[in-house]
Amino acid sequence: MGKDREKLLKLISCKCCVYRVDKEITVIGRNAKQCDIFLDSVKNKALISRIHARIFKSIDKDGSPVFMVCDTSLNGTFVNDVKISDTVQIRPGDTLTFGHLRGAVLDPGTFALQENSEFRFKVKL
């Protein structure tokens, strides 16, 4: 196994929480029994869906890891503060935010800065 294949994706929050994404499919949400990364809002219980998003890990033709995030939520998943509609590649340096108070009414592609979100993460390898 090449060195690049062993690289793990890390989601680092402003609260110093670090989540390691090391599976082919990592499930994120507020259902503790079904999710690999459990997120539960203290501000708004409905902010995070039971199965909010999934992160898929694959290997490209050069043997390097590729990570994709898929939104399956009501209140949205945001990459670099833009609401995604389906599956988007994430890279080191990207910002990944789960949920938005107005997420259900925001159209995909909408820029929605949330600097103080409970669930704002920096993507790192």
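## A buried ion pair

Arg120 is buried, and so is Asp81; buried denotes under 20% relative accessible area, exposed over 50%, and partly exposed in between (1.4 Å probe, protein chains only). The side chains of these two residues, Arg120 and Asp81, form a salt bridge with an N to O distance of 2.6 Å. A salt bridge here is a side-chain nitrogen of Lys or Arg within 4 Å of a carboxyl oxygen of Asp or Glu. Arg120 belongs to strand S11 (residues 120-124) and Asp81 to the loop between strand S7 (77-79) and strand S8 (82-83), so the pair ties together parts that are 39 residues apart in sequence. Strands (E, at least two residues) and helices (H or I, at least four) are DSSP runs, numbered from the N terminus.

## Basis of the model

This is a predicted model, in which local features need pLDDT of at least 70 and side-chain atom pairs count only at pLDDT 80 or more, while totals for chains, interfaces and linings use all residues. Residues are numbered from 1 along each chain as its sequence is written, and side-chain values use heavy atoms, with hydrogens and water left out.

## Other salt bridges

The structure holds three salt bridges. In one of them, Asp36 pairs with Lys23, the closest N and O atoms being 2.7 Å apart. Asp36 lies in the loop between strand S3 (25-29) and strand S4 (37-38), and Lys23 in the loop between S2 and S3, so the pair ties together parts that are 13 residues apart in sequence. Asp36 is partly exposed at 38% relative accessibility, and Lys23 is partly exposed at 39%.

Asp40 forms a salt bridge with Lys45, with the closest N and O atoms 3.1 Å apart. Asp40 is partly exposed, with a relative accessible area of 30%, whereas Lys45 is exposed at 52%.
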